[in-house]
Amino acid sequence: MTTANPQSRTKKKVEQRRTELLRFNGAVERDPAIDTWMKEHAGTLGAIAQQWFEMMRECGDEVRELLHDGCPVACLGDAPFGYVNVFTSHVNVGFFRGAALPDPARLLQGTGKFMRHVKLTPGAATNAAALSRLIVTAYADIKDRVENG
């Protein structure tokens, strides 16, 4: 019976992390299309989306953004970490690598390999502190993945 070399396993994991990063072309410091999107989604749901997207924008000086698949996306450079989207009766605050995020408050929904989201409904209680931590953690996670593989 042969045992795999721990260094080769580590190298393989690093290579997998690099190849699994999603990249979007066209992210800019402040995308006017997102400001237009926010104006088009006025009202209670739009205000919720804007509040949480602003938090994503404030994660760091290197945050970039773009409109992708019809919703605002926050990126570190060209690597997305979060998005918001407005639906008929709720807002999703989503994370491209959400499946890897610690979520002790159990806010994240979804079953995909990578993405998860938090569903926010007007009038329902929101654990703002936990959602804020998810946003900051998603940003830190993508920063680590971009900078360190």
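Reader: How many cavities of 30 Å³ or more does the count come to?

Author: This is a predicted model, in which local features need pLDDT of at least 70 and side-chain atom pairs count only at pLDDT 80 or more, while totals for chains, interfaces and linings use all residues. Residues are numbered from 1 along each chain as its sequence is written, and side-chain values use heavy atoms, with hydrogens and water left out. A cavity is a set of points, on a 1 Å grid over the protein atoms alone, where a 1.4 Å probe fits but cannot get out; points are joined across faces, edges and corners, and the volume is the space filled by probe spheres set on them. By this rule the count is one cavity.

Reader: Which helix gives the most to the lining of the largest cavity?

Author: Lining residues have an atom within 4 Å of a point, and here they are Phe81, Phe95, Arg97, Gly98, Leu101, Ala138, Asp141 and Ile142. Helices (H or I, at least four residues) and strands (E, at least two) are DSSP runs, numbered from the N terminus. With three residues, the greatest contributor to this lining is helix 4.

Reader: How many aromatic pairs does a search of the whole structure find?

Author: Rings of Phe, Tyr and Trp (its six-membered ring) pair if their centres lie within 6.5 Å; planes under 30 degrees apart count as stacked, over 60 as edge-to-face and the rest as tilted. Over the whole structure, the number of aromatic pairs found is three.

Reader: Why is the pair of Phe81 and Tyr139 edge-to-face, and how many residues apart in sequence are the parts that the pair ties together?

Author: The ring centres of Phe81 and Tyr139 are 5.5 Å apart and their planes stand at 70°, so the pair is edge-to-face. Phe81 lies in strand 3 (residues 79–86) and Tyr139 in helix 4 (residues 128–148), so the parts tied together are separated in sequence by 58 residues.

Reader: Which residues do ring pairs link into a cluster?

Author: Tyr83 and Phe96 form an edge-to-face pair, 5.6 Å centre to centre with 70° between the planes. Tyr83 is buried, with a relative accessible area of 12%, and Phe96 is buried at 9%. The cluster linked by ring pairs consists of Phe24, Tyr83 and Phe96.

Conventions. Buried < 20%, exposed > 50% of the residue type's maximum accessible area, 1.4 Å probe, protein only. 1 Å grid on protein atoms, 1.4 Å probe; cavity = no way out; pocket = protein on both sides within 12 Å on 5 of 7 lines; lining within 4 Å.
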